[in-house]
Amino acid sequence: MINGRVTVMFPINQLGVGGAEQQLMELVKGIDKNRFEPIVVSLYPGGALEPEIKAMPGVELICLNRKGKYDFLILFKIYRLLRQKKVQIIQPFLTPASFFGMVPSLTNRRLVKIVTERCGVRVNPRLGSSLYRKAEDFFTRFADWVVPNSKAGEDYVVKRGISPASVKVIYNGINLDRLKPNPDAVAKIKQQLKLPEGGKIVGITASLTPAKDHQTFLQAAKIVSLISPDTRFAVLGDGPLRPELEKTAQELGIDSVVTFFGNQRDVGSYISSYDIACLTSFDHEGCSNATLEAMALGKPVAVTDVGGNREVVENGVTGLLSPPKNPDVLAHNIVTYLKQPELAQRIGQAARQRVMAQFGIPRMVQEYQDLFEAALRQKESSRKKR
């Protein structure tokens, strides 16, 4: 039996705009504060989600103000926090927070250690990220549980040598309240896109990073624009590749029909403006928030057949799948929606029903709470046997 509130620490790099950060925010917001005391520990300050978490009752936010990539004093700061706050469960999110969270935890046998696997970028990572990942792969073996957000993620961690018995898949949850569109904002978005009468909007919501492969989206946009000149293309998200992608749009001659919106908090209004939502990831994609959000709003999706995408999207039923790095098939799927509006509507409705039934926030939060309590009981039972 678990007595009293359980202190759970969630280290994360920074509270910026991203899928993992959004899921962490929803988890600490929804968790039962009578049973759990959540502490979010960010390595760096200034993330866009920081004010929202600061304002949450029952949630403590601590920023460690890391000085740079060579600041390893973070290890000692987390070690000290674990002792001062009497943390019982630690669950870091993302690289390198997983490294900095796991290393100081190893000396505490009573501490429940949970590693999350978001199935993120694995193709050509920077040297620093690669070293952290290798370290995390090693230290993950000492975790009590590993939580991927897709079956693809489960397969990935098992291939890395993690015992299947210590892996539990918990799919992402989508906050429908967050997706409520602002009609005035939607109208403004369409004006910015210079949408002609009767034209359609094809959008992609993803960080502008190599793994999301926006080049394929832009190449498909070129093909679609030749067939359907009134179609406009929205790119929602930001990242290091933005200048390169804007240049690609110019070189393809589609810069007049493609708009880069950068990061936006009002994702509901932007996705609501889409007629079709795309995702062109070619790397290890986990459970994509962007895809689930589009489906929750009844949008027909056209996504690549990688990782967790195929777990969320049933081809021809809740969306259309295409091979990665294949703009021809992606363009064909987009044009199929444009030419068959009844099919697009039917798939969009089926997609919404799927998300409503299986990907809600309460379900995700409850699964984490059940895991926390089971892990504590398991840890206590092991301690008594020693």
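## Starting with a loop

Where is the place of Leu94? Leu94 sits in the loop between β4 and α4. This is a predicted model, in which local features need pLDDT of at least 70 and side-chain atom pairs count only at pLDDT 80 or more, while totals for chains, interfaces and linings use all residues. Residues are numbered from 1 along each chain as its sequence is written, and side-chain values use heavy atoms, with hydrogens and water left out.

Back to the loop. Phi of Leu94 is near 75°, a positive value in a residue other than glycine. Pro96 is also found in the loop between β4 (89–90) and α4 (97–102), and the peptide bond from Thr95 to Pro96 is cis, with omega near 0°. Most residues other than glycine have a negative phi, and most peptide bonds are trans. As for cover, Leu94 is partly exposed, with a relative accessible area of 23%. (Buried means under 20% relative accessible area, exposed means over 50%, and partly exposed is in between, using a 1.4 Å probe and protein chains only.)

## The whole protein

Let's zoom out. The protein has 15 helices and 12 strands. Both are DSSP runs numbered from the N terminus: helices are H or I with at least four residues, and strands are E with at least two. The radius of gyration is 21 Å, close to the 21 Å that the globule rule gives for 386 residues, so the protein is as compact as a globular protein of that length. (That radius is taken over C-alpha atoms, and the rule is 2.2 Å times the number of residues to the power 0.38.)

Along the principal axes, the C-alpha atoms fill a box of roughly 70 × 40 × 40 Å. Of the 386 residues, 56% are buried.

Two strands count as paired if DSSP finds at least two bridges between them.

Which residue is the bridge partner of Ile39 in β3? That partner is Glu60. Strand β2 (residues 36–42) runs parallel to β3, and 4 bridges join them.

## Strand β9, tucked inside

Now look at strand β9 (residues 258–262): 5 of its 5 residues are buried, so the strand is largely enclosed by the rest of the structure. In a regular strand the side chains alternate between the two faces of the sheet. Here, Val258, Phe260 and Gly262 point one way from β9, while Thr259 and Phe261 point the other way.

Strand β8 (residues 232–236) runs parallel to β9, joined to β9 by 4 bridges, and Val235 stands opposite Phe260. To get from β8 to β9, the chain goes through helix α9 (residues 242–251), and this β-α-β crossover is right-handed. Right-handed means that, with the strands pointing away from the viewer, the path from the first strand over the helix to the second runs clockwise.

## Salt bridges across the chain

How many salt bridges does a search of the whole structure find? The search finds 16, where a salt bridge is a side-chain nitrogen of Lys or Arg within 4 Å of a carboxyl oxygen of Asp or Glu. One of them joins Lys379 and Asp144, with the closest N and O atoms 2.9 Å apart. These two come from distant parts of the chain, 235 residues apart: Lys379 is in helix α15 (residues 361–385) and Asp144 is in the loop between α5 and β6. Lys379 counts as buried at 16% relative accessibility, whereas Asp144 counts as partly exposed at 21%.

Another salt bridge pairs Lys212 with Glu285, again with closest N and O atoms 2.9 Å apart. Both Lys212 and Glu285 are buried. The side chains of Lys325 and Asp213 meet too, at 3.7 Å from N to O. Lys325 lies in the loop between β12 (320–322) and α13 (327–339) and Asp213 in the loop between β7 and α8, so this pair ties together parts 112 residues apart in sequence. Lys325 has a positive phi as well, near 55°.
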